[in-house]
Amino acid sequence: RMQEDARYLKRKVRAGSLDVHPTEKALVVQYEVEASILGEGGDPMLGERKEGQKIIRVKSLSPSTDVGALARKVVEECRLIPLSRLPQVEHLLHYLQSRRPAEGKGQGVPRELTPFEGLEVGEEASISQVERYVELLYEGLPEKIRGSALLLQLARNPDNLEELLHNETALGALARVLREDWKQSVELSTIIIYIFFCFSSFSQFQAVVSHYKVGALCMAVVEHELRRHDLWKEELSKKNKAVPEQGSLRRDQEKAVRKYRSLLAKQEQLLRVSLYLLLNLAEDTRTELKMRNKNMVGLLVRVLDREDPELLVLVLSFLKKLSIFLENKNDMAEVDTVQRLARFVPCDHKDLLNLTLRLLLNLSFDSGLRTKMVEAGLLPKLTALLGDATHRQVAMWILYHISVDDRSRSLFAYTDCIPQLLQMLYDHGEEKMDIELISFCINLAASKKNAQIMCEGNGLKMVMKRALKMKDCLLMKMIRNISQHDGPTKALFIDYVGDLAAQMAAEEEEEFVVECVGTLGNLTVPELDWELVLREYNLVPYLKDHLKPAQQEDDEFVCQIIYVFYQMVFHQATRDVIIKDTQAPAYLIDLMHDKNTEIRKVCDNTLDIIAEYDEEWGRKIQSEKFRFHNNQWLDMVESRQAEEGEAYLYDNDNDRTDLFYSADGITPGDGSISPDFYNDLQSQNGEDPPAG
């Protein structure tokens, strides 16, 4: 019916926007096709409008090219661009001529498929001869290969895709031949899949590929070819193990190797076009989910053992796209993906290395996979890439993730990572540092071995000088991490105690002061005269004020100040000042039951020391502890009474006697217990009561 009404079909093609391709030397033309059926009087009766895109590659464009002549040639040969747009074409070509290659070229989708060797038929295809090419698909295998190769010539020109799309006979025949004969000929399978790949390159044409279930066929093809490859390798391995003593055996072995390489080259062509088609279809997340259910990740990871760079770039692009979903990431963890990727770091192929690093970055969000990266020996390899400007950023991101794990953090001390990072800190001067760089350093400083390396030479001096000058909170956090480690590094901080203490009196930004206070709190060295520091910088009023209830919104700030007091009460001079000249113990008692666990813990430890050395404060602290515990007990009793709706009978056998009986007797019925009660009890047992 379509053939009969063809004379009544009228088509209009309108050119839309004209722009340059983002990564290639090419112009991109958006166009619109309007098809309408004309009635007997020539008036349009029915219309359909579709949009398309044509890419015009100008590979011959170079710095010496005559752009004006090239622009005229483009307009003459591309019927989509009217002559009136010649100035715009020339302007865009000038831009392409002067545009520098993008630094991240090759990060995403791999380059467009190039024509495969052995697929040319020595005849130029014509769109008017489609019927003849389709008829060849009903003949023998050689004729099928020839007919499909001619159709491939047409499909590789985007201008023909619209017309081929409406030729259901041709597409149906191609799908049938692929479904029935894909195991018979690698060449035939490659050509037909390549035709459907051309359609899959445009989102608006992907539906026809799915309609003929070519994606499922491609997955079957890939799985079958991988099994064949395993058999080839096994057979070749057996022949290599046999020691050829005669010349004829040696020649047979060489012949087998040549045959294997020939088969491998053809097979990798088929794998490339099949996987590229699947990558295009995976733009639809529903289709991608179907692929995942058919073990797409497992198939791709097996291809990583190949050597062909273009095939590997394609596979890595596919895996990187899949890795953003949790389920796919888990599948990659189960099939030793990281171990297979390790051999590509480093490598001479820039696109291959870049894609490998970006895939590793996606996987590095998983702690188990980070451990596998370390086990695969990637730590020194990634560290070496910090010296490569092209890959430094991605390598640092991966290393930062690895540094999050306590088990892996100390291993950085056995690489040259830390000296490189410190050099990067020097190079920043007074400029704001990259957040990734300083965050990485903060993590590494949490390891004692790493901290010692950071302090070698003038390392600590440089970092401290910059932090105090720039008031850099993150850099001071790094210094605070360094200060927490026992050993020779703590003694190095004595020279900076005055500088750190001065920050509290200078009313600096609170976040910066918190880190300074935390650093001071870590300095548990006997050489440090805390009494002198407290008096010279008048720190006691400052610390006391920030322990008042109104100043307790910031738990981190409060915790660090309490920790400073905790360190000070170890020394008699500062302990006497805190106990006798300030109300700090009272504030600590007030914080003893804070909702923050860390604050309660540090507070209890500090008060225990104070109670040991001062009887009066000891009694107050002990009374407060008993009062708090008794209140908790009474609240529990009242709560249970409310739940059961009846009063407790203390002589009831069903009551929780362990709540009321101690090892030595019975507590008073009202639950009120004084500290003296326990002191007397301990005296009766021959025990010394606690001090205070």
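Me: Which ring does the charged end of Lys 620 sit over?

Reply: The ring of Trp 617, with the charged end 4.5 Å from its centre. To count, NZ of Lys or CZ of Arg has to be within 6 Å of the ring centre and within 35 degrees of the ring normal. Arg 575 does this too, over the face of Tyr 613, at 3.8 Å from the ring centre. Keep in mind that this is a predicted model, where local features need pLDDT of at least 70 and side-chain atom pairs count only at 80 or more, while totals for chains, interfaces and linings use all residues. Residues are numbered from 1 along each chain as its sequence is written, and side-chain values use heavy atoms, with hydrogens and water left out.

Me: How many residues of helix α22 are buried?

Reply: Buried means under 20% relative accessible area, exposed means over 50%, and partly exposed is in between (1.4 Å probe, protein chains only). Helices are DSSP runs of H or I with at least four residues, strands are runs of E with at least two, and both are numbered from the N terminus. In α22 (residues 435-445), nine of the eleven residues are buried, so the helix is largely enclosed by the rest of the structure. Phe 440 and Ile 442 are among them. The buried residues pack against several helices, including α19 (392-403) and α25 (473-483).

Me: Which residues have the most contacts inside the largest nonpolar core?

Reply: A nonpolar core is a set of buried Ala, Val, Leu, Ile, Met, Phe, Trp, Tyr and Cys residues joined through side-chain atoms within 4.5 Å. The largest one here has 179 residues, and those with the most contacts inside it are Phe 196, Phe 199, Leu 275, Leu 421, Met 478 and Leu 543. Helix α7 (residues 186-200) gives the largest share, eleven residues. Another core, of 21 residues, lies apart from it, with Tyr 31 and Leu 92 among its members.

Me: What does Phe 199 touch?

Reply: Contact means heavy atoms within 4.5 Å. Beyond its neighbours within four places in sequence, Phe 199 meets several residues, including Leu 161, Leu 171 and Val 209.

Me: How many aromatic pairs are there?

Reply: Rings of Phe, Tyr and Trp (its six-membered ring) pair if their centres lie within 6.5 Å; planes under 30 degrees apart are stacked, over 60 edge-to-face, and the rest tilted. That gives seven pairs here. One is Phe 196 with Tyr 212, tilted, at 6.3 Å centre to centre and 50° between the planes. Phe 196 is in helix α7 and Tyr 212 in the loop between α8 (206-211) and α9 (214-241), so the pair ties together parts 16 residues apart in sequence. Phe 197 and Tyr 276 are tilted as well, with centres 4.9 Å apart and planes at 50°. Phe 197 lies in α7 and Tyr 276 in α10 (residues 247-281), so this pair links parts 79 residues apart in sequence. Together with Tyr 194, Phe 197 and Tyr 276 form one aromatic cluster.

Me: Where is there a cis peptide bond?

Reply: Most residues other than glycine have a negative phi, and most peptide bonds are trans. A cis bond joins Val 345 and Pro 346, with omega about -5°. Pro 346 is in the loop between α15 (337-341) and α16 (350-363).

Me: And what is the phi of Asn 295?

Reply: About 65°, positive although Asn 295 is not a glycine. Asn 295 lies in the loop between α11 (285-293) and α12 (296-303), and is partly exposed, at 45% relative accessible area. Asp 336 also has a positive phi, near 55°.
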